Amino acid sequence: MKRLLSGITPTGELHIGHYIGAITHFIEMQKSYESFVFVADLHSLTVNPDPKELKENIRKMVGVYLACGLDPKQTCLFNQSENIYHPMLSWALECNSYMGELSRMTQYKEKSQNKQSESVTCGLFTYPVLMASDILIYDADVVPVGGDQKQHVELTRNIAERFNNKYGTTFKIPNPVIAESGARIMDLQNPNKKMSKSDENPKGVIFLLEDIQKARKKIMSAVTDSDNVIKYDVANKPGISNLITIYSCLTNENIDNVEEAFANASYGEFKTKVADEVEKLLQNIQTKYNEIIKGDYIDNVLDEGLKRAEKIAKEKAYDVYKKLGVGRY
Ligand code: TYM
């Protein structure tokens, strides 16, 4: 069975972009892949979050993963920081990665833009190498991600190929899996910008655990154009195109069919239908989440997941250190 690996950073709360761009694919693919899905809590440290909030978000993330349909019998679920072999491999890969290639990462450039270098952490710069370690340590075949992570998976491939050439075949070369539709859900208030948990304007983001009536209002007040034609045209009609994408992904209807079905509808009528689908989704996730979060189910799942993940990761990390000539591995 081929292997799948992916993760989400628990900085802030999960939103509908995470759900459509990543989580739905984890769930769909867990049936046919040996799956490893984790909470990328070490990646959160790159922006120095509040420790108490981070702890809460980690638990919430696991609860949401499970509520969305990740099945611990099919998917190995764990916290990245508890698996010490990830940072162990990351150091070895950092010493085989170059400042030049990391400086070209667009996400780093965006996140460090307009900031004094004194306030940009070294972790933010080396973050893609830790991500490469997360992937390579499991010999993952596929990495389902949203469009913004493609460059990081490509870097991972380069790091792996370079290491294999220098030290002998060690890593499998992973492939990113990026859906044609929904790989970039946009902000509802600024549809030229990706929906993001670190958004200054929460009106543009639908959080999976938020109040459902609030979420409906956000859809109803999403920014659109004024020509009242429901047509998918990202360049000229980014707001309505984003709502069409959300509707299409939540209903599994293709975009042509959505356009056809709403050819005579007003924006208000269409937004109501999108809000209905969002309500259904949030209702379903939140009902399950409220059950899952009680008791020690989450801890049991994480303990089991860690045991399995650790075994595989340890073997790869030791193999790499042995090849590099350090220690007595
Ligand atoms: P993160 O936490 O920013 O996002 C997690 C996943 O959600 C996708 N995503 C979106 N997809 C569509 N529209 C959006 N608006 C949207 N926002 C986020 C992201 O593309 C991603 O797939 N570095 C990673 C976490 C990570 C990881 C890994 C991922 C760490 N190690 C190894 C895969 C493999 C990150 O910060 O994603």
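A: Partly exposed means a relative accessible area between the buried limit, under 20%, and the exposed limit, over 50%. In this predicted model, glutamate 279 has a relative accessible area of 24%, so glutamate 279 is partly exposed. Arginine 216 is buried, at 18%.

These two side chains meet in a salt bridge, with N to O at 2.5 Å. The pair links distant parts of the chain. Glutamate 279 sits in helix H12, residues 267-292, and arginine 216 in helix H9. They are 63 residues apart.

Aspartate 148 and lysine 194 form a salt bridge through their side chains, 2.8 Å from N to O. Aspartate 148 lies in the loop between S4 and H8, and lysine 194 in the loop between S5 and helix H9 (212-220), so the pair ties together parts that are 46 residues apart in sequence. Aspartate 148 is partly exposed at 28%. Lysine 194 is partly exposed too, at 27%.

Aspartate 141 pairs with lysine 172 in another salt bridge, the closest N and O atoms being 3.1 Å apart. Aspartate 141 is in the loop between helix H7 (122-136) and strand S4 (142-144), while lysine 172 is in the loop between helix H8 (150-167) and strand S5 (175-177), so this bridge ties together parts 31 residues apart in sequence. Aspartate 141 counts as buried, because its relative accessibility is 12%. Lysine 172, at 39%, counts as partly exposed.

There is also a network: salt bridges link Arg3, Glu34 and Arg308. The structure holds 21 salt bridges.

Notes. Residues numbered from 1 in each chain as written. Predicted model: local features only at pLDDT ≥ 70, side-chain atom pairs only at ≥ 80, totals over all residues. Heavy atoms only, no water. Salt bridge = Lys/Arg side-chain N within 4 Å of Asp/Glu carboxyl O. Helix = DSSP H or I, 4+ residues; strand = E, 2+ residues; numbered from the N terminus. Buried < 20%, exposed > 50% of the residue type's maximum accessible area, 1.4 Å probe, protein only.
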